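The following exercises are to be worked through with the sequence and the structure at hand. Each task is followed by a solution in steps.

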Amino acid sequence: MPGSVQSIERAAAILRLLAQGSGRLGLSEIANSLGLARGTAHGILRTLQLVGFVEQDDATGKYQLGAALLHLGTSYLDVNELRSRAINWADALAARSGEAVRIGTHLQGKVLVVHHVFRPDDSLQTLDVGVLLPMHATALGKVLLAYDANAAAAVQDGELEQFTRRTIRTTKEMSRALAGVRDCGWAADVDEIGMGEAGVAAPIRGYGGLVVGAMGISGAAERICDAPGRPRPDLVGYVRDAARAVSRDLGASRW
């Protein structure tokens, strides 16, 4: 049998070291902790940084675990367990609301759609599984931003793309909107990703109440909203009930 690959062993040791601490570590700290030459440690860190497993702080030069590795660690739940636990509830929500249902998780500053149920009518529709949606302009994304500090930081560091005149434009607007999401427990988008389009979403929680995804409906604003342009209370209730049911299946008994 072939022996182990030393560079991979060393890369794994660096990742474990970074995972053990709560803060960032400098190159010398990492090299000294593992008994590596600075050049060797730097080469491995550069490679890990290129694939997104490690991030370097621009101000201090210190290293921490990267978003790609953190997502990889939860990908089983995101793509498999989350989807399998939510399928029946998503089907029921589509039937009850008469609208399309999507379930999403955070991936590199976007909403990754992991499950999509078509609107229950005969209209022509496109499957959205695997599609990346903007977080600041969708109900699914606002839910994830409201409860995931990493997701919020990823969006705040970049420009907020404008899709319509009603799209959130500034971080101040976004902070105010996310505070509202946390207060009421659900999010909406009306004419923000596209004129005449609307959506409602609520958080899906796992053990300990950790938000692991979002479930929502989307469709024509004239169907989802009442006269003042607010989402219909009955549809909001359907979405929240479905998200809570999935959350209970995932171990979040309080929701």
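**Exercise 1.** In which strand is Val111 placed, and is Val111 buried or exposed?

*Solution.* The model under study is a predicted one.
Step 1. Val111 belongs to strand 4, the strand that covers residues 110-117.
Step 2. The relative accessible area of Val111 is 0%. The limit for a buried residue is under 20%, so Val111 counts as buried.

**Exercise 2.** Determine which residues Val111 touches, leaving aside residues up to four places away in sequence.

*Solution.* 
Step 1. On strand 3, which spans residues 100-107, the contacts of Val111 include Gly104 and Thr105.

**Exercise 3.** Describe how strand 3 is paired with strand 4 and with strand 8.

*Solution.* 
Step 1. Seven bridges link strand 3 to strand 4, and the pairing is antiparallel. Within this pairing, Leu107 has Lys110 as its bridge partner.
Step 2. Two residues lie between the two strands of this hairpin, strand 3 and strand 4. Gln108, in the turn, has a positive phi of about 50°.
Step 3. Strand 3 is also joined to strand 8 (residues 211-220) by five bridges, again in an antiparallel arrangement. Here Ile103 has Met215 as its bridge partner.

**Exercise 4.** How many of the residues of strand 3 are buried, and which of them point each way?

*Solution.* 
Step 1. Eight of the eight residues of strand 3 are buried, and the strand is mostly covered.
Step 2. In a regular strand, side chains alternate between the two faces of the sheet.
Step 3. In strand 3, Ala100, Arg102, Gly104 and His106 point one way, whereas Val101, Ile103, Thr105 and Leu107 point the other way. The residues of both sets are buried.

**Exercise 5.** At roughly what angle do the axes of helix 2 and helix 3 cross, and which residues meet there?

*Solution.* 
Step 1. The axes of helix 2 (residues 27-34) and helix 3 (residues 38-50) come within 9 Å and cross at roughly 110°.
Step 2. Angles of 65 to 115 degrees count as roughly perpendicular, and therefore helix 2 is roughly perpendicular to helix 3. The crossing of helix 2 and helix 3 is right-handed.
Step 3. Leu27, Ser28, Ile30 and Ala31 of helix 2 meet Arg38, Ala41, His42 and Leu45 of helix 3. The residues of this contact comprise five nonpolar, two polar and one charged.

Key:
Residues are numbered from 1 along each chain as its sequence is written. This is a predicted model: local features need pLDDT of at least 70, side-chain atom pairs count only at pLDDT 80 or more; totals for chains, interfaces and linings use all residues. Side-chain values use heavy atoms; hydrogens and water are left out. Buried means under 20% relative accessible area, exposed over 50%, partly exposed in between (1.4 Å probe, protein chains only). Helices (H or I, at least four residues) and strands (E, at least two) are DSSP runs, numbered from the N terminus. Two strands pair if DSSP finds at least two bridges between them. Contact means heavy atoms within 4.5 Å. Axes are lines fitted to C-alpha atoms, for helices over the stretch in contact, and angles run from 0 to 180 degrees between N-to-C directions. Angles under 35 degrees count as roughly parallel, over 145 as roughly antiparallel, 65 to 115 as roughly perpendicular and the rest as oblique. A crossing is left-handed if the near helix is turned anticlockwise from the far one by less than a right angle, and right-handed if clockwise. Ala, Val, Leu, Ile, Met, Phe, Trp, Tyr, Cys and Pro count as nonpolar, Asp, Glu, Lys and Arg as charged, and the others, Gly among them, as polar.
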